[in-house]
There are 8 protein chains.
Amino acid sequence: MTTPYKRLDKDQAAVLLVDHQTGLLSLVRDIDPDKFKNNVLALADLAKYFKLPTILTTSFEEGPNGPLVPELKEIFPDAPYIARPGQINAWDNDEFVKAIEASGKKQLIIAGVVTEVCVAFPALSALEAGFDVFVVTDASGTFNEITRHAAWDRMSAAGAQLMTWFGVACELHRDWRNDVEGLGALFSAHIPDYRNLIHSHSKFTSGK
Amino acid sequence: MTTPYKRLDKDQAAVLLVDHQTGLLSLVRDIDPDKFKNNVLALADLAKYFKLPTILTTSFEEGPNGPLVPELKEIFPDAPYIARPGQINAWDNDEFVKAIEASGKKQLIIAGVVTEVCVAFPALSALEAGFDVFVVTDASGTFNEITRHAAWDRMSAAGAQLMTWFGVACELHRDWRNDVEGLGALFSAHIPDYRNLIHSHSKFTSGK
Amino acid sequence: MTTPYKRLDKDQAAVLLVDHQTGLLSLVRDIDPDKFKNNVLALADLAKYFKLPTILTTSFEEGPNGPLVPELKEIFPDAPYIARPGQINAWDNDEFVKAIEASGKKQLIIAGVVTEVCVAFPALSALEAGFDVFVVTDASGTFNEITRHAAWDRMSAAGAQLMTWFGVACELHRDWRNDVEGLGALFSAHIPDYRNLIHSHSKFTSGK
Amino acid sequence: MTTPYKRLDKDQAAVLLVDHQTGLLSLVRDIDPDKFKNNVLALADLAKYFKLPTILTTSFEEGPNGPLVPELKEIFPDAPYIARPGQINAWDNDEFVKAIEASGKKQLIIAGVVTEVCVAFPALSALEAGFDVFVVTDASGTFNEITRHAAWDRMSAAGAQLMTWFGVACELHRDWRNDVEGLGALFSAHIPDYRNLIHSHSKFTSGK
Amino acid sequence: MTTPYKRLDKDQAAVLLVDHQTGLLSLVRDIDPDKFKNNVLALADLAKYFKLPTILTTSFEEGPNGPLVPELKEIFPDAPYIARPGQINAWDNDEFVKAIEASGKKQLIIAGVVTEVCVAFPALSALEAGFDVFVVTDASGTFNEITRHAAWDRMSAAGAQLMTWFGVACELHRDWRNDVEGLGALFSAHIPDYRNLIHSHSKFTSGK
Amino acid sequence: MTTPYKRLDKDQAAVLLVDHQTGLLSLVRDIDPDKFKNNVLALADLAKYFKLPTILTTSFEEGPNGPLVPELKEIFPDAPYIARPGQINAWDNDEFVKAIEASGKKQLIIAGVVTEVCVAFPALSALEAGFDVFVVTDASGTFNEITRHAAWDRMSAAGAQLMTWFGVACELHRDWRNDVEGLGALFSAHIPDYRNLIHSHSKFTSGK
Amino acid sequence: MTTPYKRLDKDQAAVLLVDHQTGLLSLVRDIDPDKFKNNVLALADLAKYFKLPTILTTSFEEGPNGPLVPELKEIFPDAPYIARPGQINAWDNDEFVKAIEASGKKQLIIAGVVTEVCVAFPALSALEAGFDVFVVTDASGTFNEITRHAAWDRMSAAGAQLMTWFGVACELHRDWRNDVEGLGALFSAHIPDYRNLIHSHSKFTSGK
Amino acid sequence: MTTPYKRLDKDQAAVLLVDHQTGLLSLVRDIDPDKFKNNVLALADLAKYFKLPTILTTSFEEGPNGPLVPELKEIFPDAPYIARPGQINAWDNDEFVKAIEASGKKQLIIAGVVTEVCVAFPALSALEAGFDVFVVTDASGTFNEITRHAAWDRMSAAGAQLMTWFGVACELHRDWRNDVEGLGALFSAHIPDYRNLIHSHSKFTSGK
């Protein structure tokens, strides 16, 4: 009768970053660009912080979609990088699926551009293939609120967990005592309000 | 335990355009008119591009609802066109259902005006009749966000896939290599940002 | 595998109007007052038009909640009218449930103020009692969008059909030919855009 | 076929207030501060009014998250108060779970900051442990509407009841006659519109 | 140094209703149709209540703009009615200006569709001609908020008084004691919240 | 060439609170009720804190407008209180103007319900009479954003200073050193975020 | 005392289209892309329709700003086209100012991207140089509403007329009788609601 | 008759950054924190880039307002830094005014927290003292849109130029040829869309 809680585990999870390309990003209009850039980099930083296997993929880099945003390449210089020759659903690319299988992980954390295509298609395929899927909604962008909510509904109905980068970080970390400094630095870098809290706290407790 | 992915297949799909009439369109206020017109024509253009059987239907053309918008008639001059004499749910019209059955398709892509009636009613009937239903949410319009979200909830709870025209096009196309020019032209015609990306790309790579 | 379509039938349906009182209405802030008044009266008018058994109930009329809005009393002078002495969930009032049972209907169309209490509580009780429940979302009001969406989620998860007055009217009517004049008059009275369509049409086709 | 109604019962319910801390509150931006403060205190006041066992917990009070807001400590001077040393999901803290078990209640009313972490994590754990979970959405705050809606979707899909403080109060009270004065005072203190109704009513009926 | 207060005076004011036509009204999307209809009729009712000379004008009734909304014709059966043969700015029509001059009034209360054209053009012409101009902003509609705010800025910079129907009514009436019943009836008919206040008050003070 | 700065001076200022009545408050829908109540009481508290002469006035208390909200009467038990017998513009009431003149102040801080009438009318009259007028926009409420912005435009064009309660408090106080405790208490009582800052600061600096 | 009406005159006006480039357009986020594209092309079409001298200018076409959108080049193949080598304010480019002077017009209709720079800078320079300036606000785009409203305030305060493409077209045309077909075609091409009105009207009056 | 254009000149301008403190920033809720942080740092970076004299000031750093955000101190290690002992209006602090006078500049670019106090008060004082004032609206934050718009109205009416950081940068730079690399780097660092344009351009033109 009770619901098993599909809970992220840093030993079980891999991250898939799908089509965050300089051209495609101009299509994203459901989240403000400053915030969206921050969310994507926060997800990348947490993937690196938790040492999660991370797989990068792009669609048609030579065409108008443009290259992968350079920050992601810099954060993950050695990650599997699949420049798909044409498949729109990354799951249709064997190399991509093999990279996931090679990671040995069963929990897939997915974000990408645009939500209803580059995220939803592989998410639905992964669910069908038996993976647990965690969509990072705020690191995934699309044209507007209608396209976002339709995509969410389709993924949720199929069993995906809708999450955000902050929730993913907290669920992976489990306990502040595992590393106060590290998690604090991640939050300070990507949440201005948290950064301010840290600075005020530091100032007041140091008495300086 | 896993979810079968209800995935659009261009060999299995038909398109139903329900009641996009010049009078009824004045009722649509949940999407801006410029955007809504573009979304409807984008759906029509993709139906033609993928050569999907397309069925047009209208409600009471002689009355205040007005005639079918002329662009749709022009795009589909030979499509089945059912001017319903009174049935509000198009599925209650035998001619409409027979046209669908004659197409031999089991995946129905539906859009119309207004969402909670002209789309939801035949969508629910089609689900009951065993079809897979894909609602093109952004080519379907209604009075306001309350009527939209209530309609979405009812259709989603009954098993409809909530999609948008861009997602439909991408899921049908599967792979850019099937036809780069064709899909690019579709996007260029209906996504100003994508059109700009193509023009910048062309200018920069041609060196002119 | 297919979903049975829970479809309104004018021979199976009754209408429950819960706590539309002059004091409680000042709490409704998720819908503009002009629009909300129109939606409630549209629902009342359609209930009368389709001759649906309609049951009125109020909570604590003598206190600050205030009397039933007079328009509803005028439209339904002979309807069962249960001024509940204290029960917040109308379903806890035996007289209310008996009035429903006396109608012999199994489809309950509910609207009220406020959505998460006066609508959701009897809706959940009615579902538990085996009725089909159709919530008229736009004739139900509450404090804000958070309270509305939480209420919708709870009712939808329990199996209620989320609808709006226009959808209810169309699903009940089935076919314009049953009475063009009557349905047209209902829409003309409660949808300004439709009223304008009718006037333009009349002017242009009469040639006057 | 029918749905059992998960209905709050004042003899079965306990309240969990998670991480309403002076620092963390600066992260809450999906609800206006004036309204959010009111909602949290309304929930606290109703917990006290209905004499529900209430459990307070905080995360890292010595750090930037800051101390529990003083109003809550004042309202519940003798409540179990678990200052968690590091666990992000309060359910991972044995003392917290034992306090819940000690209450002997099976219906858990949860609110906290931020929704997708401090509320969603223990809510999902509690559902897995077989409790009924009632989330007080408007006394729970988070970064923005995206994080809120993703959190709601995850909790609702797992079986949580999404509620608001007003709905909780009404479902617990059942009947105004149990205590008109008490419930009226609660509403007067936390709903300005209701307060105004009471004052007008009092003035007009007293004739003074 | 001080500013003379341009104050409406019921003996000095005339009302100009410009192009509230059934076709043109479908262009109005900056105000919800239910509210807009109410605002226009409220303005008409107050013009009649205060016995202000009222002048009706339309643009191209035979074409798609459609006829004057019938309610206005009914309220003002004997008012000057200028069906302009083509002039977009009503002030360019001599008959219209002569009707204004014939009224002998120097304060012009203007509303119409659409704001930036049918209202702004005659407002600017009237200001140039030395009249005091009072724009009824909420009985004037246009495409969207950009067109509205641009129109407001242009009119305000030229010296027009931006008002609303409620403000106009109150400024004309001056003192409730001039006619409590009449003004109360006007507000009751067009402000649902005020109507509710009146009903509650009446119920409570009558003791019935 | 330079602009003289119309700056509030606590020795020159009086406060006018116009028609904050329990019935009229139900008309206010441009500001959320929780926030609006807070803003009005913040203005009252600052008026008391700075010992500014404060004048209360109401319109038609015996009718549906209802009595003055009791909090204001409690805060200013000895203030001039003019229950106007009918004048809509408070400035048309001699007693009201005399009370202002008796204060000997030339800077008038005005707030009330509704903005375009009860605030704008006396504001325009006061400007005409040579006073400096400071409108407390966030302690003044009205039907919607259109009525608010139209009212602001009219008052601003006539020379009124548009302010908010926080700006008024800061401009009157001039220097924190005049009374750190007092101003801090005012902000703590009416700005939840500021209250949180104070509590965090106190906790961290006290080391407890 | 009266205000001279700065009224557009088709014999006095020229159009300046500033920096509508494929790269810069990705910065525009205060207007939806579908609508913005339509507005810019509507302005271009009306400039052509009224045979207004039109001047095109771009900033740094070889760099990331990208080329002029091709539609504008196609509509104005023979217009002066100044690809500025670096000046941000087009008015700092002598060739641009000379092209304006060569037109002999004193009324300048300006639109561009982004509003606060490419529009506001030459608008302010033109006002200083003694021209009348008419800003086409809805064919000018920028980052967000804050940047838009700040730009509007600066231009309006300096004496610019804030307009929209529809207002410009109507003010230039003056009288429908000058060319019913032409103006109707312009509106039909760029206002979907108007197009629908025309089609309904044509259908109903033709009796077909 | 013409308006002199108050145009920023990098040899005439100084920058005033008022009260961007870690505590006060939690009060800013009219701009999203990610965006606001970016805007403030963009303004700081441009001040440094153009070598404008920059003056930092804070209010009550030892109290809850908290310390200056550390990024600003790092960017301007040698700037005049006035920690005001209590004056709310920075202009009331002699040291602050002397620092401005010492810069010898007559154009003051001001930003701060909160807009209606820390920005508006010194802006009004500076205007009175004969300076030209340029408010950087998007690097100034406040409680909500009401407080923002009231503050803007007051400053604009007194003659301040409402600008944004991007407009300030462009007006100061005048011509891309002065330094393409430098301005491009500033935009790339603070405008994600522009950064993407640069990366796409670089990729496509390099052919790599």
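Contact means heavy atoms within 4.5 Å. By that rule, chain F and chain G do not touch; their nearest C-alpha atoms are 12 Å apart. Chain D and chain G have no contact either, with their closest C-alpha atoms 18 Å apart.

This is a predicted model, in which local features need pLDDT of at least 70, side-chain atom pairs count only at pLDDT 80 or more, and totals for chains, interfaces and linings use all residues. Residues are numbered from 1 along each chain as its sequence is written, chains are lettered from A and ligands numbered from 1 in the order in which they are written, and side-chain values use heavy atoms, with hydrogens and water left out.

**Two interfaces**

Chain A and chain D do meet. The contact takes 35 residues from chain A and 36 residues from chain D. Chain D also meets chain H, with six residues in contact on each side. The table uses two terms. Buried area is the accessible area (1.4 Å probe) that two parts lose on being put together, summed over both. A salt bridge is a side-chain nitrogen of Lys or Arg within 4 Å of a carboxyl oxygen of Asp or Glu.

| Chains | Buried area | On carbon and sulfur atoms | Salt bridges |
|---|---|---|---|
| Chain A and chain D | about 2,900 Å² | 61% | three |
| Chain D and chain H | about 440 Å² | 45% | zero |

One salt bridge joins D:D92 to A:R7, the closest N and O atoms being 2.6 Å apart.

**A pocket**

A pocket is an open set of points on a 1 Å grid over the protein atoms alone, where a 1.4 Å probe fits, with protein on both sides within 12 Å along at least five of seven lines; lining residues have an atom within 4 Å of a point. The second largest pocket has a volume of about 1,200 Å³, the space filled by probe spheres set on the points. It is lined by 34 residues, and the closest to its centre are E:D153, F:D153, G:D153, H:H149 and H:D153.
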